[in-house]
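Visitor: Could you walk me through this model and show me how to read its features?
Guide: Gladly; let's open it together.

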Amino acid sequence: MNDFPHQHTAHCESGVMSALLNYHGHALNEALVFGLARGLTFVYMPLIKLAGMPLVSYRIAPRGIIKNTCKTLGLKLDIRKFADEHSGQAALDEAIAAGQPAGLQASVFWLPYFPPHMRFHFNAHNLVVYGKEGGDYLLSDPVFETVQRCAAEDLQRARFAKGALAAKGMMYTLSGNRPSESIAAELPALIRAAVRKNAKHMLAPVFFAGVKGIRTVAAKIESLPEKQSAKYQKLFLGHLVRMQEEIGTGGAGFRYIYAYFLEQAAEICREPRFQTASEQMTAIGDEWRTFASLCVKQCKQPSENGCREIASFLRMIADKEEALWKSLKAV
C-alpha cells in the first residue's frame, strides 16, 4: 500500500473519507464528500461548555461525515473501538497486513509530527494508516502536504487518549464496495437529495441550530454589555473567533468547501442554480471572516456600540444564509 493516494485537504474527516474512497476506486474529492455527507451546519449549545464557554460548531458532529458519506453512497463501513491498547494495535496491524488502509480517530496533542505550537487536546482528529515499517506506522494525514511516519507507541497514545470525544482506539475501514460506475450513475440524484436535506437542517425551527442558531448568537452578543462584565465579553467574542477560525477548518472554511461542492454539483447535475448558490456561499464565507475580524477588533479596542454592530452584522449573515438555503431547498 506504499502507493496510497495521499491528499492534502482542508479538513481531516472529509479528507480521510475522500482518500479512502479514492483508494477503493471512487473519485470523489473532499468537497463532494463534505456535501454528500451534509456536513455544513451551525450549532450553538449553551448547556455544553468548552473551557467554560458555550459549544459553537459550524459542521455536523464528529464521525457524522464518515457515517453519512457511507450511508449516502451505500458503502459498507466497519467501525471498531477497543477495550485496551493491545487489541487496538493488533486489529490495526491485521488490517494493514491484509492490504486494507484504516482510518483512525486520534488526539492531535500526542502526534509527534505536529509542530509543538499546533498541538492541543483535541481527540477527534482523523488520519489514515496505510503501512508499517519496523516500529513506525506510515500515515496519510490530510492536514499535511506529505505522508508522515509515527512510532507505534506514539500512535497508541494518540488513539487511546482520555477526555472529551475520547476515541477508544476507533478504527474504520471500507469493505464490500459498490462498483464506481454504479455510484457515478446515481451521483446527480444523491447530490440533489443531500442539498435538500442540508437545507432542511439549516432552516430547522429550533433556537440552537441553523439560521435560527445564528440569530440566537447575535442576540447573545447584543446583550453582552448589559448582562456581562468586560472580561466576559472579551472571553465570549474570543471564543467565537477561536471556534470559527482556529478549531478544525472553521466556519468560513467550511462554507468555502461547500461552495466548491455546489460548483461541482452545478456541472454534475446540469443545474445552473447550484452555480449561483456556490458564488453566494463563497461571499457568505467572506462575511463570516469579516465577522471574526469585528470580534477581534472589539476585544482589542472595545467601543460602546461594538457588540451591537457585531450583532447587526451577524443578523445580516443569517438573513443571507436563510435566503440561500431556501433557494437550495426549492431546487
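**Reading rings, helices and the sheet**

Guide: Let's start with a charge and a ring: K220 lies over the face of F236, at 5.7 Å from the ring centre. Keep in mind that this is a predicted model.

Visitor: Which ring does the charged end of R157 sit over?
Guide: That of W110, with the charged end 4.4 Å from the ring centre.

Visitor: How should I read a pair of aromatic rings?
Guide: Such a pair is described by two values, the distance of the centres and the angle of the planes. A search of the whole structure here gives 16 aromatic pairs. In one of them, F42 and Y58, the ring centres are 5.4 Å apart and the planes meet at 80°. Planes over 60 degrees apart count as edge-to-face, so this pair is edge-to-face.

Visitor: What does the pair of F42 and Y58 tie together?
Guide: F42 belongs to strand 1 (residues 40-50) and Y58 to strand 2 (residues 53-59), so the pair ties together parts that are 16 residues apart in sequence. Ring pairs also link F42, Y58, W288 and F291 into a cluster.

Visitor: Is F42 buried or exposed?
Guide: F42 is buried, its relative accessible area being 2%. Y58 is buried as well, at 3%.

Visitor: What is the strand order in the six-stranded open sheet?
Guide: The order is 3-8-4-5-6-7, with antiparallel pairing. Strand 3 (76-80) and strand 7 (148-151) are at the edges with a single partner strand each, so one side of each has no neighbour in the sheet. On average, neighbouring strands are turned by 35° against each other, direction ignored.

Visitor: Which residue in strand 8 is the bridge partner of G103?
Guide: Y172. Strand 4 (residues 102-106) and strand 8 (residues 171-175) run antiparallel and are joined by two bridges. Helix 4 (residues 85-97) packs on the sheet, its direction making about 65° with that of strand 5.

Methods: Residues are numbered from 1 along each chain as its sequence is written. This is a predicted model: local features need pLDDT of at least 70, side-chain atom pairs count only at pLDDT 80 or more; totals for chains, interfaces and linings use all residues. Side-chain values use heavy atoms; hydrogens and water are left out. Two strands pair if DSSP finds at least two bridges between them. Helices (H or I, at least four residues) and strands (E, at least two) are DSSP runs, numbered from the N terminus. Axes are lines fitted to C-alpha atoms, for helices over the stretch in contact, and angles run from 0 to 180 degrees between N-to-C directions. Contact means heavy atoms within 4.5 Å. Rings of Phe, Tyr and Trp (its six-membered ring) pair if their centres lie within 6.5 Å; planes under 30 degrees apart count as stacked, over 60 as edge-to-face and the rest as tilted. Buried means under 20% relative accessible area, exposed over 50%, partly exposed in between (1.4 Å probe, protein chains only). A charge sits over a ring if NZ of Lys or CZ of Arg is within 6 Å of the ring centre and within 35 degrees of the ring normal.
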